[in-house]
Amino acid sequence: MPRRNIRTSQLVVPFGIGQIINFPNDESLMLGGMHLWDQQFKYAGDDRDNYDLTKFIIKESRLQKLLNVNHFRKPFPFLEKNKINKNISMPAVRFPGWHYCLKCGKMRNIGLIQPDFSCSSECDGKLIPVRFIAVCQLGHIQDVPFKEWVHKGKNFDENCILKYNAKSGAGDLASIKISCSCGAWRSLAGIMNEHALAKIGLAIGEELDMTKRNPNGQYCRGERPWLGSEGIITPVKCNQELRVLIRGASNVHYSHIVSAIFLPRGINLNPVTSRIIDEYGIDNLVEDLNQDNGDGQFLRAILRRRPEVINGLIELEKLYIEIISYIEDSNENNVKVDTEIDVLQLKKEEYDVLKNGINVENYDLKAVLKEINSYKGADFIGKYFDCISLIEKLKETRVFTGFSRINSIDGRTIENRKSDLTLGEVIWLPAMQVFGEGIFLKFKDEVIDEWLKKIGSSFDSLINRYREARDGVNRDRDINPAFLMMHTFAHLIIKRLCFSCGYGSSALRERIYFSSEKETRMNGILIYTSSGDSEGSMGGLVRQGKEQFLSKNIKDALLDAEWCSADPVCSDIGRSAGQGPDSVNGAACHNCVIVPETSCEEYNCLLDRATVITLNDSNIQGFFDISNF
């Protein structure tokens, strides 16, 4: 069987479960569900002692509580020479099923695991996948119903043979013709239009009645091919309308990622103890302690097997005493180890650590708090920012919680999306850990409050369009113009730092810390780079945040926002109807603000240059004053 090479980190994002991956030689595969990952070990072979699942397990207690799972797993790297976990590959299915012959054009549905790519006719040509697939808003995906399309939903022989002809014409959909052995044929013109499949069988000019189902129309069958044959044989009830998309289009699959920056447990603890508490999990330690008869022998036996103890990095008794002390301190401070947390609380914990700094070499997080007065251009920086932290070292855990199709917002909750990732109970989720560096900037709360009073309701229409697009889920999310401003500024500074550091456009990421509530007030951004390499990056990003460089980078980013190469169109559309998906962007397009979607927490939504600076011919005051530049 030929090998299909892909980086393991890409199997979380952008090629997570349910995504179509196009390989060389016209091969199209879809990453399989989590129960298929489990089967890679279940059927690993007779030599089971050489397979160790723990090598792929990731622990991050805060995310485990948030997502209600007991661990995470990394995608399996393919190891040919290792003794442990040798030759384990990632599960995948073939999709789409419809293929056609390059020589004669005959179409054939080869199914999910069919290995034969030869045409069944005498020409012996090669079969390649069609370019089109059908998806629904709830994430289901299936083959395009070509037979129904050609025959306009009327009775036809299921055994009829289709032919795919795309050899003539200008390359548009009208030039692609599907013909049937019965003599019927039809081009693909209009097949990608909204309601196209639901309208099958209607007369020309006849409108679709949205209040009832068209008997000849084609609707979603609730198929989930990434779950294997069971996802086809036992579909879920759906009946949503289908949309035909190109299989490589960006809106076929939006990965939903929840991430957390590593925070050490107990700043005053020995770094080795802190690492063990984080990796093993405080809940597990408490559970083991509760199994003791008061003498601590059970917990000691668990800790004795830790490699840190075996290798002499810490004495067993010292480790035991520090863990017991940490648990007791947590209880005295009414910190319940099983407390449910949400994303806001998770970010607030990070925000508090980053703004106060943590300068310890042995942790996976090192945030050096800088004095603003020491910066070149301190008068400008100090006007808008409270503090600056240079993150010389960080570790981030990114967890794949599901996906959506057509739109990044589909109205489903995390629990709804999680249930589509496997046939069984969701007790773990795919994840990856990355290492890097970054720059944290905290905006002045009082300056933001003053600006919000000045602009009034200037950006209410954009925010309302966003709320309407959320389809009831988190519709009342805490969003105001300050969030738009910080988010847009983050994109602008990412673009400027890529230019200054030489990083690729997708190498930098944003993390927005925002809350307008008094108890959880946050106004900060983290711009960071991270990679799968345990050594992280080389310090180039942190260097741009130092005293002699940061002010120039910020000023250059703001000047970049002043004029877009698509202006005046970009700024005019932003002020009127908005642009982007669901019109939830203002003056923000690919020429000025948009960054790769892997760099953005919001799928490039909620952006407007008018929040950052005052645009030409605009009476809306931006947050930053660049009149004296």
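1. Start with Thr401, which sits in strand S17, residues 385-404. In this predicted model, Thr401 has a relative accessible area of 1%, so it counts as buried. Look at what surrounds it: leaving out residues up to four places away in sequence, Thr401 touches Leu67, His256, Ile257, Val258, Ile414, Arg417, Lys418, Leu421 and Leu429.

2. Now step back to the whole chain. The protein has 18 helices and 20 strands, and buried residues account for 52% of its 629 residues. If you take the contacts between residues at least 6 apart in sequence, 67% of them join residues at least 24 apart.

3. As a general background point, nonpolar side chains in soluble globular proteins tend to be buried together.

4. Setting aside neighbours within four places in sequence, Phe624 is in contact with Phe380, Tyr384, Phe385, Phe443, Met485, Phe489, Leu558, Val612 and Ile613.

5. Helix H13 (residues 445-455) and helix H15 (residues 481-501) pack at an angle of about 115 degrees, and their axes are 10 Å apart. That angle makes H13 roughly perpendicular to H15. The crossing of H13 past H15 is right-handed. On the H13 side you'll find Ile448, Trp451, Leu452 and Ile455, which meet Pro481, Ala482 and Met485 of H15. Sorted by class, this contact has seven nonpolar residues, with no polar and no charged ones.

6. H15 also packs on helix H17 (residues 550-562), at an angle of about 115 degrees with the axes 9 Å apart. H15 and H17 are therefore roughly perpendicular to each other, and H15 passes H17 in a right-handed crossing. Which residues of H15 and H17 meet? From H15 come Phe489, Leu492, Ile493, Arg496, Leu497 and Ser500, and from H17 come Asn553, Ile554, Asp556, Ala557, Leu558, Asp560 and Ala561. By class, the contact of H15 with H17 has eight nonpolar, two polar and three charged residues.

7. Is Lys348 buried or exposed? Lys348 belongs to helix H10, residues 343-356. Its relative accessibility is 18%, and the cut-off for buried is under 20%, so Lys348 counts as buried. Beyond its neighbours within four places in sequence, Lys348 is in contact with Glu519, Thr520, Arg521 and Met522.

8. Gly97 is a loop residue to check, located between strand S5 (92-94) and strand S6 (98-101). With 3% relative accessibility, Gly97 counts as buried. Contacts of Gly97, leaving aside neighbours within four places in sequence, are with Arg108, Asn109, Ile110, Gly111 and Asp143.

9. Two peptide bonds deserve a look. The bond from Val13 to Pro14 is cis, with omega near 10 degrees, and Pro14 is in the segment before strand S1 (20-23). Another cis peptide bond joins Asp567 and Pro568, with omega about 5 degrees. Pro568 lies in the loop between H17 and helix H18 (569-575).

10. Finally, some backbone angles. Asn68 is not a glycine, yet it has a positive phi of about 60 degrees. You'll find Asn68 in the loop between helix H2 (61-67) and strand S4 (71-73), and at 57% relative accessibility it counts as exposed. Ser583, also not a glycine, has a positive phi of about 55 degrees. Ser583 lies in the segment after H18 and, at 23% relative accessibility, counts as partly exposed.

Note on methods:
Residues are numbered from 1 along each chain as its sequence is written. This is a predicted model: local features need pLDDT of at least 70, side-chain atom pairs count only at pLDDT 80 or more; totals for chains, interfaces and linings use all residues. Side-chain values use heavy atoms; hydrogens and water are left out. Axes are lines fitted to C-alpha atoms, for helices over the stretch in contact, and angles run from 0 to 180 degrees between N-to-C directions. Helices (H or I, at least four residues) and strands (E, at least two) are DSSP runs, numbered from the N terminus. Angles under 35 degrees count as roughly parallel, over 145 as roughly antiparallel, 65 to 115 as roughly perpendicular and the rest as oblique. A crossing is left-handed if the near helix is turned anticlockwise from the far one by less than a right angle, and right-handed if clockwise. Contact means heavy atoms within 4.5 Å. Ala, Val, Leu, Ile, Met, Phe, Trp, Tyr, Cys and Pro count as nonpolar, Asp, Glu, Lys and Arg as charged, and the others, Gly among them, as polar. Buried means under 20% relative accessible area, exposed over 50%, partly exposed in between (1.4 Å probe, protein chains only).
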